[in-house]
Amino acid sequence: MLFRSRIFAIPGIAGSSAVRGLLMAGMYSTFFIGVLYLQHVLRLGTLQTGLAFLPQTISLAVLSLGPTARLVHRFGPRRPTLVGTAMCAGALALMLRLGAGSTYAGGVLVPFVLFGLGAGLAMMPLLTIAMANVQPADAGMASGIINTSLQLSGAFAVAVMGTLAAGCTRALIAAGAARTHALVGGYHLAFVVATGCIVAALVFELAWWGAPRLRTAVRATRRAPSERAW
């Protein structure tokens with residue numbers, strides 16, 4: 001049998017997948033809508049746009065190399081996850097301040113770095129919780145479920161936010177707004193939706209951590225870093 005429904009009875013699988021999916025929806029908004037903003041509003045070229053995302057990517061990568069694992073081992077997964085999710089929400093809230101006259105250094109850089117740090121803090125503990133009580137025979141299936149939830153949520157987020165941004169932009173142009181200001185208005189709407197996804201993830205986390213069935217998974221993450229499932 002390729003799929004066993006009992007996998008969802010394992011503490012942490014469903015909840016972690018839901019939270020990571022909401023976080024990924026917000027992250028994809030920075031990738032997709034952020035690229036459009038950098039190219040169509042700030043007029044950056046393709047190479048410049050790619051380089052503009054390096055601070056976010058490097059921030060996430062640095063935390064993934066070990067600092068987050070040490071924080072989880074010391075404080076447990078709850079604090080890093082909540083702090084990281086709150087940082088992601090704050091980063092997207094800052095993106096709402098971007099306008100037609102914003103600059104990369106003055107408007108985009110800080111939210112990008114903040115989001116990278118937040119994702120680096122939140123993603124790894126959530127994955128650790130999801131895999132902590134999975135038996136070796138089910139590890140492949142559990143990992144597939146978790147990764148599929150990320151890809152589906154990211155693809156859905158791009159479709160929804162792109163559609164909303166394009167529709168809002170067309171409406172603003174039809175109302176007489178300049179093209180650049182109309183684009184910014186559409187991107188703002190997408191960032192509002194993305195911020196809502198992250199806030200929903202934060203609210204879900206606050207309720208989720210109180211679930212008794214999660215305590216076993218949380219205790220499992222307090223093992224030595226070498227013993228934890230990644």
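These legends describe close-up views of a predicted model.

**View 1**
Read along the sequence, the pattern is α-α-α-α-α-α-α-α-α. The protein has 230 residues, and 45% of them count as buried. Take the contacts with a sequence separation of 6 or more: 83% of them join residues 24 or more positions apart.

**View 2. Helix α1 crosses helix α6.**
Helix α1 spans residues 13-40, and α6 spans residues 104-131. Their axes come within 10 Å and cross at roughly 160 degrees. Angles over 145 degrees count as roughly antiparallel, and α1 and α6 are therefore roughly antiparallel to each other. The crossing is left-handed. On the α1 side, the contact is made by I13, S16, V19, R20, L23, M24, G26, M27, T30, Y37 and L38. On the α6 side, it is made by Y104, V108, F112, F115, A119, A122, M123, L126, L127 and A130. By class, this contact between α1 and α6 has 17 nonpolar residues, 3 polar and 1 charged.

**View 3. Residue R43 sits in the loop between α1 and α2.**
Helix α2 covers residues 46-52. Is R43 buried or exposed? The cut-off for exposed is over 50% relative accessible area. R43 has 55% relative accessibility, so R43 counts as exposed. Look at the backbone too. Phi of R43 is near 65 degrees, a positive value in a residue that is not glycine.

**View 4. Helix α4 has a buried side and an exposed face.**
Helix α4 runs through residues 67-75. Which of its residues are buried? They are T68, A69 and V72. The face turned away from the buried side carries R70 and R74, which are exposed. After α4 comes G76. The phi of G76 is positive, near 85 degrees.

**View 5. Residue I146 is a buried part of helix α7.**
Buried means under 20% relative accessible area. I146 has a relative accessible area of 1%, so I146 is buried. What does I146 touch, leaving aside its neighbours within four places in sequence? Its contacts are I13, S17, R20, L127, A130 and M131. Pick out M131 and trace the gap. I146 and M131 are 15 residues apart in sequence. In space, they are 9.3 Å apart, C-alpha to C-alpha.

**View 6. Helix α7 passes helix α8 in a right-handed crossing.**
Helix α7 covers residues 139-174, and α8 covers residues 179-208. Their axes come within 7 Å. The axes cross at roughly 145 degrees. From α7, the contact takes in M161, L164, A165, C168, T169, L172 and I173. From α8, the contact takes in H181, A182, L183, G185, G186, Y187, L189, A190, V193 and A194. Which classes make up this contact? It has 13 nonpolar residues, 4 polar and no charged ones.

Notes:
Residues are numbered from 1 along each chain as its sequence is written. This is a predicted model: local features need pLDDT of at least 70, side-chain atom pairs count only at pLDDT 80 or more; totals for chains, interfaces and linings use all residues. Side-chain values use heavy atoms; hydrogens and water are left out. Axes are lines fitted to C-alpha atoms, for helices over the stretch in contact, and angles run from 0 to 180 degrees between N-to-C directions. Helices (H or I, at least four residues) and strands (E, at least two) are DSSP runs, numbered from the N terminus. A crossing is left-handed if the near helix is turned anticlockwise from the far one by less than a right angle, and right-handed if clockwise. Contact means heavy atoms within 4.5 Å. Ala, Val, Leu, Ile, Met, Phe, Trp, Tyr, Cys and Pro count as nonpolar, Asp, Glu, Lys and Arg as charged, and the others, Gly among them, as polar. Buried means under 20% relative accessible area, exposed over 50%, partly exposed in between (1.4 Å probe, protein chains only). Angles under 35 degrees count as roughly parallel, over 145 as roughly antiparallel, 65 to 115 as roughly perpendicular and the rest as oblique.
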